Amino acid sequence: MAKEPTKNTYQKEGHVIAPRDVSFDWNDVPLHYIPNEPFASQFWNIMHLLVPEGEKAMAGTVSEALAYITDERLHEEAVGFVGQEAMHAVSHESFHSRLAEEGVNVEAIISAYNFWFRKVVTDHGLKGRAKEEWLKERLALFAAMEHFTAVVGQWMLDNEALEEAGTHPMVLDLLKWHCAEEVEHRNVLFDVYQHLDGSYIRRLRTGLVGSVGLAVWWLGTAHYLMKHDPAPKKWWKPWPVQMIEATRKHLLPGIQFVVTDLPPYLKPNFHPSEMGPMDKAIKYLATSPAALGAQH
Ligand SMILES: [Fe+2]
Ligand SMILES: [Fe+2]
């Protein structure tokens, strides 16, 4: 089912994609690792909880697609992509036991996601044409999600407010390392989708579904986490107010990016390489304590 590369495929940008064997020590990290910012901390906790489930499903889908990729370089990038996403998932999951110690009901949240990632967006044992069509559909859906991780990734690399607010350096490194690799591999899933299918109508449809799904998951989990936050919260403002305030302080990108950054993705000739230079990602990966530690 592979197609010849079209003008909006990987040819615009070449980059070797390879996983880094990072590790993190969560021992002294508090639940509110952005001091005095419960909502902002819980917002990023969603990345630790939701993202690994999505990434495992995404890595599994790209692994399925490997058999159909006839372009050697794209195949190599896709293998590197699977390795990076698997490493992201493992790294965020390594924080789960610490979050559980701090009173977060990690199991309940993960089991809610599992319905979608392990029962809906899976291969369902299909065969033949149905298998190929469903694979294309999932690739398109995950390509849309990858667009948003690249958007948030660039936001994170440009961000200085989190460091200035005293965010725990181990969490900040995890977030920045992950975001840098998201920018580094932003083309791969899109290119795999273009290579195997590239239907614009499918990209349009899954882009809309993906952005709504992401917003619903993120806000739903934020509500749950804030409702069950074990810290005394007698004087807390309602979480949507905290979200607006934290967004204004640049401690999070808000959730509006799923609306504002969708139109560029929906342009017929969009390619992720148009999203600007990836210098900051490359620079961060050269200095990240976790990435440097992985080299030894
Ligand atoms: Fe990732
Ligand atoms: Fe990614």
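Tutor: We shall discuss confidence, then the metal sites, then the core.

Student: What is the average pLDDT of the protein?

Tutor: This is a predicted model, in which local features need pLDDT of at least 70 and side-chain atom pairs count only at pLDDT 80 or more, while totals for chains, interfaces and linings use all residues. Residues are numbered from 1 along each chain as its sequence is written, chains are lettered from A and ligands numbered from 1 in the order in which they are written, and side-chain values use heavy atoms, without hydrogens and water. The pLDDT is the predictor's confidence in each residue, from 0 to 100. Here the average is 91, and 95% of the residues score at least 70.

Student: Are Glu55 and Glu182 buried or exposed?

Tutor: Buried means under 20% relative accessible area, exposed over 50%, and partly exposed in between (1.4 Å probe, protein chains only). Glu55 is buried because its relative accessible area is 3%, and Glu182 is buried at 2%.

Student: What coordinates the iron ion (ligand 2)?

Tutor: Its donors come from Glu85, Glu146, Glu182 and His185, at 1.9 to 2.7 Å. Glu85 coordinates both iron ions, which are 3.7 Å apart. Both Glu146 and His185 are buried.

Student: Why is the arrangement around the iron ion (ligand 2) irregular?

Tutor: Six donors count as octahedral if opposite donors are over 155 degrees apart and all others between 65 and 115. The six donor atoms here subtend angles of 52 to 152 degrees, so the arrangement is irregular.

Student: How many residues does the largest nonpolar core have?

Tutor: A nonpolar core is a set of buried Ala, Val, Leu, Ile, Met, Phe, Trp, Tyr and Cys residues joined through side-chain atoms within 4.5 Å. The largest one has 92 residues, and Leu49 is among those with the most contacts inside it. The largest share, 14 residues, comes from H1.

Note on methods
Donors = N, O, S within 2.8 Å, 3.2 Å for Na, K, Ca; no water. Tetrahedral: all angles 85-135°; square planar, octahedral: opposite > 155°, others 65-115°. Helix = DSSP H or I, 4+ residues; strand = E, 2+ residues; numbered from the N terminus.
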